[in-house]
Amino acid sequence: MSEVRRIVLDHSRVRPGSTLRPISRFVVERDGVEQASVVLGRAEIFEREPLEYAVARLSWADGGLGDARAVVAAAVGSAPPGIPVYLPVSAAVSADHAARRDVALACGFELFQEKEGFRWADTGQALPEPAGLRLEPMSRIGPEAFVSVLGRCVAQTLDRTDALVFGRQQPRQWATTFLNHHASAADAQSWLYAETTGGAPVGFVGLAQREGDPEVGTIVLIGVLPEQRGHRYVDRLLTAAYRAARARGFVAVRSLVDVDNHPMMAAMRRSGADPDADPWHGWLFTSARDA
């Protein structure tokens, strides 16, 4: 019979830069040999929300799906009452992502969000300057100009994770925290604030270098103000992001889009981004519906 054992890990055993702190590690051992393990800790997407938890780095030995289910159940049972546990699954990280989704469902998790990965490749295609927009980089105008527009855009976001986190903070607080964490000085030239030629705010797009890959950019966040939607400004913001990527020498740009965000999914396809170029699909399961 497998034994589930709870081990609290020292911070030195967490990879540098990890947001999974404080953490607990749950292990299934049989005859002293580890069969399955999972780390429970604060999720990156909720890093400013210390009472939110995620299950991460789930692993198991060949044929050990039962052990994997047991260790996930133990982790869920240890969470404070009323606190949901989130289990992320990524096709880009795990070749056995279908089995991981099966484990989540077998443990009573529900699918909270599914995201599609897009990749735009720079093939030298024409990228006209976005008509009717004036674009200013954060490196020139500073982050404060972005705070209001970020907060107003995300207040009506169709991205389920952003909506969940945003709902717990005031708009300016959320936007300031987000920019402090995601808009580094190195990327400030490709965080672009957009307004009409008449000076009316339109929205923004944030492009950053993909971690660990100096030739690939990532669209961190993009948004159009509610009163400016319906004019295809998002198409022009994507073109602006691709132009910024070319200027920085990136050969490609990656994006993750909530599959229920149908307008953004359509805009990505119109921009020439390919949903089939990379296995960058992701799922986020939750052990409880968030109130």
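Biologist: On what conventions do the values rest?
Modeller: Residues are numbered from 1 along each chain as its sequence is written, and side-chain values use heavy atoms, without hydrogens or water. The model is predicted, so local features need pLDDT of at least 70 and side-chain atom pairs count only at pLDDT 80 or more, while totals for chains, interfaces and linings use all residues.

Biologist: How many aromatic pairs does a search of the whole structure find?
Modeller: Rings of Phe, Tyr and Trp (its six-membered ring) pair if their centres lie within 6.5 Å; planes under 30 degrees apart are stacked, those over 60 edge-to-face and the rest tilted. With the whole structure searched, the number of aromatic pairs is five.

Biologist: Why is the pair of Tyr-86 and Phe-112 classed as it is, and what is that class?
Modeller: The ring centres of Tyr-86 and Phe-112 are 5.8 Å apart. Their planes stand at 75 degrees, so the pair is edge-to-face.

Biologist: How many residues apart in sequence are the parts that Tyr-86 and Phe-112 tie together?
Modeller: Strands (E, at least two residues) and helices (H or I, at least four) are DSSP runs numbered from the N terminus. Tyr-86 belongs to strand S5 (residues 85-90) and Phe-112 to strand S6 (residues 110-121), so the parts tied together are separated in sequence by 26 residues.

Biologist: Are Trp-120 and Tyr-242, which form an aromatic pair, stacked or edge-to-face?
Modeller: The pair links Trp-120 in strand S6 with Tyr-242 in helix H7, 122 residues apart. With 4.2 Å centre to centre and 0 degrees between the planes, the pair is stacked.

Biologist: Over the face of which residue does Arg-254 lie?
Modeller: A charge sits over a ring if NZ of Lys or CZ of Arg is within 6 Å of the ring centre and within 35 degrees of the ring normal. Arg-101 lies over the face of Trp-283, at 4.1 Å from the ring centre. For Arg-254, at 5.1 Å from the ring centre, the residue is Trp-280.

Biologist: What is the volume of the second largest pocket?
Modeller: On a 1 Å grid over the protein atoms alone, a pocket is an open set of points where a 1.4 Å probe fits, with protein on both sides within 12 Å along at least five of seven lines; lining residues have an atom within 4 Å of a point. The lining has 14 residues, with Leu-135 and Arg-243 among those nearest the centre, and strand S7 (133-137) and helix H7 (233-247) each supply at least two. Grid points are joined across faces, edges and corners, and a volume is the space filled by probe spheres set on the points. For this pocket, the volume is about 230 Å³.
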